[in-house]
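Hi,

Here is the structure I promised to pass on. Have a look at it first, and my notes follow below.

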Amino acid sequence: MSAMSSDSEERLIASRPPPTPQGGAMYWLRTRLFSGPINSVVSIVTLLLIARLVWPVIDWALIEADWVGNSRADCTGDGACWVFISTRWSQIVYGFYPVAERWRVDIVLGLFFALIAWLVIPRLPGKKVAALMALVGLPIIAWVLLLGGVFGLAHVPTRAWGGLMLTLTIAAVGIVGSLPLGVVLALGRRSKMPLVRAVCVIFIEFWRGVPLITVLFMSSVMLPLFVPAEVEFDKLLRALIGIMLFWSAYMAEVVRSGLQAIDKGQGEAGAALGLGYWLRMRLIILPQALKLVIPGIVNTFIALFKDTSLVLIIGLFDVLSIIQAGLTDSDWLGFAIEGYVFAALVFWVFCFGMSRYSQIIERRLDKGYQR
């Protein structure tokens with residue numbers, strides 16, 4: 001017995017330390033920043049540089065800034081003067097829209113952000129209804145409410161639109177219009193019918209070959225010269241059509257890259273099941289292709305959103321143009337930094353929001369490939 005007990009003791013494995021917790025801030029710091037002597041030194045030096053560069057910005061923008069007031073005389077601190085933004089807030093949001101009619105803009109913006117929240121929050125039901133409202137219902141309601149002239153609403157011409165409402169209008173119409181048109185163009189470019197393929201190729205290459213400024217200039221200045229004098233197109237409507245056509249060409253190439261990544265056997269399997277061309281595309285090919293190119297699609301949306309500021313060249317004042325116009329006011333000379341920082345913050349919020357949401361969509365749709 002004593003010999004067997006001695007053999008068992010010799011085979012015992014030495015005790016090991018407990019496993020390290022795989023979560024929490026300390027685990028993240030230990031594995032990402034201070035995983036070794038060299039990494040620790042580099043992390044400390046980098047953090048010191050960031051603190052050296054960022055702290056003056058925080059001090060200027062938040063701590064020493066002036067927030068409340070009615071004129072530049074209220075800007076007495078050493079930091080930023082956000083009084084310039086607060087006094088022009090209504091113009092930044094509504095542009096030149098009549099004050100008495102701005103409740104219509106509030107309704108449209110409220111519906112816009114409510115639908116965005118409905119689509120973005122995963123737990124909310126009825127996504128198809130929300131998507132239908134966003135693609136069809138909201139554009140109709142927005143156009144009727146903002147333009148007026150019906151149901152007793154006063155007519156407000158589009159030249160009075162401006163600011164953030166105009167930026168969101170151009171971006172929303174461009175995004176909603178360019179995606180489906182881009183899908184159709186991508187399918188047409190891969191079509192086996194020579195005439196359809198040629199038309200799509202010419203359309204895509206033409207719009208990709210000219211800058212957006214040229215498109216806006218042609219739609220605003222040159223197009224009226226080629227139509228009868230009695231025919232009058234609204235300037236904003238012409239710009240919206242031009243932007244939608246321009247970005248649909250880029251979107252078509254993004255979608256085409258996704259279509260080319262799908263194995264040919266997917267379509268052949270659908271055909272073997274008796275599915276026609278459109279059913280194969282709608283049920284098998286396009287869902288997979290669009291999922292593969294989500295980053296490219298969102299990248300195009302972000303570029304479109306940032307290019308809305310180019311409408312200034314045809315006399316439309318988006319949020320950036322409204323801020324620039326305010327900087328020329330003799331009462332507010334010298335506050336250009338505050339204006340441009342605020343404009344950059346507005347664009348960053350929307351572009352970063354689209355980028356983060358696309359990553360959430362990618363993670364949700366990628367569950368089928370996770371092991």
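Predicted model: local features only at pLDDT ≥ 70, side-chain atom pairs only at ≥ 80, totals over all residues.

By salt bridge I mean a side-chain nitrogen of Lys or Arg within 4 Å of a carboxyl oxygen of Asp or Glu. Residues are numbered from 1 along each chain as its sequence is written, and side-chain values use heavy atoms, leaving out hydrogens and water.

The mean pLDDT is 87, with 94% of residues at 70 or more. Helix α1 (residues 2-11) has the lowest confidence, a mean of 55. Helices here are DSSP runs (H or I, at least four residues), numbered from the N terminus.

Now the salt bridges: the whole structure has seven. Glu 205 and Arg 208 form one at 3.7 Å, N to O, and both sit in helix α9, three residues apart. Another joins Arg 189 to Glu 253, with the closest N and O atoms 3.0 Å apart. That pair links distant parts of the chain, helix α8 and helix α11, 64 residues apart. Arg 189 counts as buried because its relative accessibility is 17% (buried means under 20% relative accessible area, exposed over 50%, partly exposed in between, with a 1.4 Å probe and protein chains only). Glu 253 also meets Arg 256, at 2.8 Å, and these five residues are linked in a network: Arg 189, Glu 205, Arg 208, Glu 253 and Arg 256.

Cheers

How values were computed
pLDDT = per-residue confidence, 0-100. Helix = DSSP H or I, 4+ residues; strand = E, 2+ residues; numbered from the N terminus.
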